[in-house]
Amino acid sequence: MAELVMVHGIGPEDETEEQLYGDWMRALARTLRDNGRAEQAARLEDGSVSAAMAHYRHLYARYVPQDDWDMPLPDPMAATGEDVAADIMDNIQQHASDPAARAEAARALDELRAEVGPEQGPAELLRMFVAMLGRLGPVARSGFAALSSTGVFHLGQVAAYLDDETVREGAIEAVLSQVAPDTKVVLAHSLGTVVAYEALHRLERPLPLLVTFGSPLGLRSIIRRRLRPQPLRSPGHLKRWVNVADRDDFIVATLRLRTLFPDNDAVLERTRLVKNRNTNPHAAVEYLKHWQTVEPLAELV
């Protein structure tokens, strides 16, 4: 049970809970201190603020690919991975900062749709998707945060969460097991924002703040068929929701998440835009370097 609950996203399966916890806490403390909040930074560092990482990466062990061509995603997960791949390519086309990347993504998306028929199956599209990412510029490639087998694994994690109920329930329980009556903030990244969204809809007590960053919540392949509950709405006991995005982070589905929610939703605020390093704009620690991400929780820790 913790005042600050952190929820990780997609990434290498061997990244431990301790590594994630340490990286996030150091990044948070550094950003607080750099912005004149030395007292809050010290509270995080000395353990005065109870914090926990909701860890669920081990649940994906059986879906880890061995190489670019080994994707252990049984149907319907491969079909979900296909949908997510197409959505991510469309994201590059829609909001990449580099016009050349936008144009290349448009050509690649047309090629994917033209060359991969239903008789070839979704796994073939996933392979083509990985290969075509290599034709994009470095910013677009890093916006997906991986090429080759790691990139396929990222798609596999999303697909496994959406299609394998054991994975889904295990991840949701990992979050809810850490949220206590004294929890003030849930801080969630990437796929963790989807897990947190679904978990907090089950919460039966008030939660002051949710901060999400690098979120795929707006992906059509998720919100149209898979996300629970439908239609999109803020969790009922949540008081404030801040979302942060980088336009070159292509796991991010939309830079205007608020527009997908009801007009009368007073919880989710307009997305805050940041600029992360081009080498890995999806990385959690990159988002945590920005005051726009950390400021909402500064008064609560």
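Valine 185 counts as buried, at 1% relative accessibility, where buried means under 20% relative accessible area, exposed means over 50%, and partly exposed lies in between, as judged with a 1.4 Å probe and protein chains only. This residue is found in strand E3, and here helices (H or I, at least four residues) and strands (E, at least two) are DSSP runs, numbered from the N terminus. Once its neighbours within four places in sequence are left aside, valine 185 is in contact with Glu3, Leu4, Val5, Leu207, Leu209, Leu297 and Leu300, contact meaning heavy atoms within 4.5 Å. The C-alpha atoms of valine 185 and arginine 240 are separated by 9.7 Å, although these residues are 55 apart along the chain.

The model is a predicted one, in which local features need pLDDT of at least 70 and side-chain atom pairs count only at pLDDT 80 or more, while totals for chains, interfaces and linings use all residues. Residues are numbered from 1 along each chain as its sequence is written, and side-chain values use heavy atoms, with hydrogens and water left out.

For the chain as a whole, the secondary structure comes to 12 helices and 6 strands, and buried residues make up 58% of the 301 residues. Among contacts between residues at least 6 apart in sequence, 75% join residues at least 24 apart.

We turn now to the helices. The axes of helix H1 (residues 17-34) and helix H12 (residues 291-298) come within 10 Å and cross at roughly 85 degrees; axes are lines fitted to C-alpha atoms, for helices over the stretch in contact, and angles run from 0 to 180 degrees between N-to-C directions. H1 and H12 are therefore roughly perpendicular to each other, since angles of 65 to 115 degrees count as roughly perpendicular, those under 35 as roughly parallel, those over 145 as roughly antiparallel, and the rest as oblique. Where the two helices meet, H1 brings Leu28, Thr31 and Leu32, and H12 brings Trp291, Val294, Leu297 and Ala298.

In helix H2 (residues 38-45), the buried residues are Gln40, Ala41 and Leu44. They cover an arc of only 100 degrees around the axis, which puts them on the same side of H2, the arc being that of the directions from the helix axis to the C-beta atoms. These buried residues of H2 pack against strand E1 (4-7), H1 and H12. H2 is followed by glycine 47, whose phi is positive, near 85 degrees.

Helix H8 has buried residues Val167, Arg168, Ala171, Ile172, Ala174 and Val175. Seen down the axis of H8, they fall within an arc of 155 degrees, so they line one face of the helix.

Finally, the loop between helix H10 (220-223) and strand E5 (241-245) holds proline 229, and proline 231 is found in the loop between H10 and E5 as well. The peptide bond from arginine 228 to proline 229 is cis, with omega near -5 degrees, and the bond from glutamine 230 to proline 231 is also cis, with omega near -10 degrees.
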